[in-house]
Amino acid sequence: MTLVDPAGTTSPAASPDPVDRLEALFGDAGAPGNPVGRDAVLAADAEGAMLSAGEELLDGFGLNAHFVPEALGGRFTGPEDLIGVMRAVYRRDPALGLGYGTGSFMAAVNVWTSGSTRQQTWLAGHLLSGGRVACGYHELAHGNDFARAELTALPGPDGQLLVNGRKEVVANLGRAGAMVLFARTDEGPGSRSHSQLLLETARLAPAALTRLPRFATVGMRGVPLGGIEFTDCPVPADAVVGTPGHGLETAQRSFQLTRIALPGMTLGLLDTALRTALRGALGRNLYGGTAADLSLSRTVLAEAFADLLLADAFVTVAARAAHTAPAQSTVYASAVKLLVPALLMGAVSRLSELLGSQFYLRSGEQPLFQKLQRDVLPSAFGHASRVSCQAALLPQLPLTARRTWSADDGPALPATTFRPGEQLPQLDFGALKVTGGGRDPLSRTLLQGAERRTGEDGAIAARASEYAAEVRALSAEAARLTPDQLGPAAPPHAFDLTTRWAGVLAAAACLGLWWERPDGGQGPGAEPAWVLAALHRLGVHTGRHHDPLPQPLSEVLYAELLRRHDAGLTFDHARRSTGA
């Protein structure tokens, strides 16, 4: 895989690349007096406030346009480009990323997926004019169990709907000009009793609304989280997004983009955490040298680097597969959300141990790292828990075993899926399906590659064969699942199969990127060390083994980490210039 060389003949501020422009606007994070630098980020966090200068910067940059499809006048072409832009924001301040725009994107995708032409046009204009949209899926009493949501929007007088109930802990609810709410629209049981509503805040009856105070949180202190309670609030019947009663399907289809995009954005947090821990290790005197001179320290740093590369590879392939295999995006999105957030939290936690007892001090690198460790928890679990993603994958296992893993043939993903930078088909919101239909072309890529590419690097070929064998083992175990083992009450060993499936898909993503790397590529992406290290760490994260990264791989990755640190490059596969 070729890594992007950020050097160019034009100023980054004038670059046609939006990420380069955004990084140039953010400037040097360590520069004294930078209104969006590290000192300003920490000051805003201490006050429990949004970074106001950061919001002004993103207003001028026009970030909201990246949430609106090109067909509606915006710049959104798919999750991959949006992830790149938002990752730059999360590198600077995760609270700025979540508080400024992530909630707007989560809400808007439902409208792009199922909304009427009128709803899409109005919401696009609202966002492009700088407005915000709040996304109210959850209720504290029910979490991810949407089918039990108690907010109702039932028929009232004059053909309108009357909204009753509450939503809590919703980002930007108090300052959003619109909101998308998940509500019960039919009192009958079943999955067709809920819909989503697109509401214009200014048109709601003030007397029917009660604003709820912000819940105190450990992380994301500056994000404006609010709640609202409705009492017989009249709203027009055409506020329903899509077909009435299909709110759950709309949510499940929109999740296929958000469950890829949000973990991909949050990798910017890990990038900054890794950079902060590395600076701390290089500057900390220990045993006659620095903490970074110790083999254990270098291994911890190299493993976090490998985790970042692993997660980025999986996110990148899943994001591109939304274009090349949209009908299977439901599987890949759930697998990304199942694996990547846990990986992120684990990597940040391990890096905190590297700082030792000095982690508790409020000087040097520690304050920023402490903020990142607090922020990673809400960033990682976001709007879907690990168990909810497992529950989405589990019922699809037996059919996938029959139609994909037990078959001798079947299509793999197109090669362009594994070639970042190549043109992709236009994203088709209508092609996103609730289930994958038992088809898994990413696994087919792994099975075909393991069989056909045996003459390449021996170590990588061996890893590919191991994961191909894991697919066959999964197929056999999935075939033994009984119908009562496919729901939320399934036993632990059944849920464990979904984690193993996610591991197979992540391995296939790494191997596919390696197999489809450009001929004659140079740099770290063309060396086998990154994929071997990523697959080694994947084995740890999925419980295949608990071995530390072998020293030869650790030293190669640590040397690359230092090179990027000194050159001011990001630690993901893009290797961009950054001031963070």
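In strand S5, Leu199 is the bridge partner of Met179. This is a predicted model, in which local features need pLDDT of at least 70 and side-chain atom pairs count only at pLDDT 80 or more, while totals for chains, interfaces and linings use all residues. Residues are numbered from 1 along each chain as its sequence is written, and side-chain values use heavy atoms, with hydrogens and water left out.

Strand S4 (residues 178-184) and S5 run antiparallel and are joined by seven bridges. S5 also pairs with strand S8 (residues 240-241), again in the antiparallel sense, over two bridges. Here the partner of Gln196 is Val241 in S8. Two strands are said to pair if DSSP finds at least two bridges between them. Strands (E, at least two residues) and helices (H or I, at least four) are DSSP runs, numbered from the N terminus.

S5 covers residues 194-200, and six of its seven residues are buried. Buried means under 20% relative accessible area, exposed means over 50%, and partly exposed lies in between (1.4 Å probe, protein chains only).

## Nonpolar cores

A nonpolar core is a set of buried Ala, Val, Leu, Ile, Met, Phe, Trp, Tyr and Cys residues joined through side-chain atoms within 4.5 Å. The largest one has 160 residues, of which Leu22, Leu58, Trp112, Leu301, Phe314, Leu351 and Trp530 touch the most other members. Helix H8 (residues 295-324) gives the most to this core, with 18 residues. Apart from it lies another core, of 22 residues, including Val163, Val170, Ala176 and Ala208.

Leu301 shows what such contacts look like. Leaving out residues up to four places away in sequence, Leu301 touches Leu274, Ala277, Leu278, Ala281, Leu351, Leu354, Tyr558 and Leu561. Contact means heavy atoms within 4.5 Å.

## Salt bridges

The whole structure holds 34 salt bridges. Each is a side-chain nitrogen of Lys or Arg within 4 Å of a carboxyl oxygen of Asp or Glu. One of them joins Glu23 and Arg91, whose closest N and O atoms are 2.5 Å apart. Glu23 lies in helix H1 (residues 18-26) and Arg91 in helix H4 (residues 79-92), so this pair ties together parts that are 68 residues apart in sequence. Both partners are buried: Glu23 has 8% relative accessibility, and Arg91 has 3%.

Arg350 and Glu303 meet at 2.8 Å, N to O. The pair links helix H9 (residues 329-354), which holds Arg350, to helix H8, which holds Glu303, over 47 residues. Arg350 is partly exposed at 32% relative accessibility, whereas Glu303 is buried at 3%. Asp307 forms a salt bridge with Arg537, with 2.9 Å between the closest N and O atoms. Asp307 is in helix H8 and Arg537 in helix H16 (residues 529-541), 230 residues apart. Asp307 is buried at 1%, and Arg537 is buried at 9%. Elsewhere, salt bridges that share partners join Asp45, Asp93, Arg221, Lys371, Arg374 and Asp375 into one network.

## Cysteines

How many disulfides are there? The count is zero, where a disulfide is a pair of cysteine sulfur atoms within 2.5 Å. The cysteine sulfur closest to that of Cys135 belongs to Cys389 and is 15 Å away, which is too far for a bond. Cys389 is likewise in no disulfide, as its nearest cysteine sulfur is that of Cys135. Cys135 is buried at 14% relative accessibility, and Cys389 is buried at 0%.

Ser254 is placed in helix H7 (residues 247-283). Ser254 is buried, with 0% relative accessibility. Its contacts, not counting residues up to four places away in sequence, are Val109, Asn110, Thr113 and Tyr137.

In helix H12 (residues 397-405), the buried residues are Leu397, Pro398, Thr400, Ala401, Thr404 and Trp405. They lie on the same side of H12, because they cover an arc of only 165 degrees around the axis. The arc is that of the directions from the helix axis to the C-beta atoms. An α-helix has 3.6 residues a turn, so residues three or four places apart point the same way. Among the elements that cover the buried residues of H12 are helix H11 (386-393), helix H13 (441-452), helix H14 (458-479) and helix H15 (492-515).
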